[in-house]
Amino acid sequence: MAVIALAGCSGAPGVTTSALALLLSWPLDPGRRMILAECDPDGGAVLHGLLQGTLGDRYGLRNLSVAARRHEFSDAFWRQLIDLSSKDGKKDSPRDRLLLPGITDPVQAASLGSVWKILGQMFRGIEAQTSHDVLIDLGRRGASGPSGILAEQADAVFVVVRNTMRGLQAAQGRVRTLEEQVGDVSVVMINEGPYPTGEAQRVLQVPVVATLPYAPKDARVLSDGAEQPRHFTKSPLMKAARTATTLLIQRAAMRRARLNPHEARRGGGEVTHAR
């Protein structure tokens, strides 16, 4: 189906929180699975946010640099994934919503130079061959520099933007830079400010594909591991996220078909292992 990248800009627009909402809302046909990869060179947030440090920092992206040097990348990748599948009383988890945690210190990004390219190949391979969709959280800096290859290889790149004056101003330069790097990009808008979708599109000159509500209380469940209120899955945030997933998938499919018509027809790609 898709490899989709989310990028942010200055002002902490909520990329990781949005990515988690999408992951937990992603429509999964039988046999399909979903991976969220935290690939922000400034550091991941889920281990000590949503998961509140319960797993320490023994899982994650930082472990893959050693595996790449040992030519053990593929096996190591699957061992780093954390199961975020919903708990519904079943003894056996379906393991259909998985997280690759990010680094815990920006200093660790220096060791990942060779990892980004291998990850990009891995994502393309598992999307095509093992029925996993991939959502990449690039944070504020991850779509540029060495990790920018992940944006370049994604089916679609979306910039997460708040529709405030500050948010739109910060996003303008980010959007232009990404357009030069990867071609067309789109926006996921956090509806915090006064500017409607049409105005945001006019300012940024790219389409706003999906909108998520500004819902701080519900967002803290995902960003900080706050207590989950009753009916959280039916909250406006999660309902909007479910709608957004469909729109993002459609946008990615259209862009993939336009740029790679042959691959789109055959569902191409090969599973890539480090060698």
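## Model and confidence

This is a predicted model, where local features need pLDDT of at least 70, side-chain atom pairs count only at pLDDT 80 or more, and totals for chains, interfaces and linings use all residues. Residues are numbered from 1 along each chain as its sequence is written, and side-chain values use heavy atoms, with hydrogens and water left out.

The pLDDT (the predictor's confidence in each residue, from 0 to 100) averages 90 over the protein. At least 70 is reached by 92% of the residues. Among the elements, strand E8 (residues 208–213) has the highest mean, 98. Helix H10 (residues 261–266) has the lowest, 53. Helices (H or I, at least four residues) and strands (E, at least two) are DSSP runs, numbered from the N terminus. Over residues 264–275 the pLDDT is below 50. Where pLDDT is low, the predicted coordinates should not be read in detail.

## Strand E5

Strand E5 spans residues 132–137, and six of its six residues are buried. Buried means under 20% relative accessible area, exposed over 50%, partly exposed in between (1.4 Å probe, protein chains only). His 132, Val 134 and Ile 136 point one way. Asp 133, Leu 135 and Asp 137 point the other way. In a regular strand the side chains alternate between the two faces of the sheet.

E5 has parallel partners. Two strands pair if DSSP finds at least two bridges between them. Strand E1 (residues 3–7) joins E5 through four bridges, and Ala 5 has Ile 136 as its bridge partner there.

## Nonpolar cores

A nonpolar core is a set of buried Ala, Val, Leu, Ile, Met, Phe, Trp, Tyr and Cys residues joined through side-chain atoms within 4.5 Å. The largest one has 51 residues. Those with the most contacts inside it include Phe 77, Phe 123 and Ile 136. Helix H4 (residues 115–129) gives the most to this core, seven residues. Apart from it lies another core of 39 residues, among them Phe 158 and Leu 248.

Contact means heavy atoms within 4.5 Å. Leaving aside neighbours within four places in sequence, Phe 123 is in contact with residues including Phe 77, Val 134 and Ile 136.

## Ser 25

Ser 25 lies in helix H1 (residues 15–25). Ser 25 counts as buried because its relative accessibility is 7%. Its side chain reaches the backbone oxygen of Ala 21 at 2.7 Å. Beyond four places in sequence, Ser 25 touches Arg 97, Met 238, Ala 241, Arg 242 and Thr 245.

Terms used
Polar contact = N/O pair within 3.5 Å; in protein donor to acceptor, adjacent residues only side chain to side chain.
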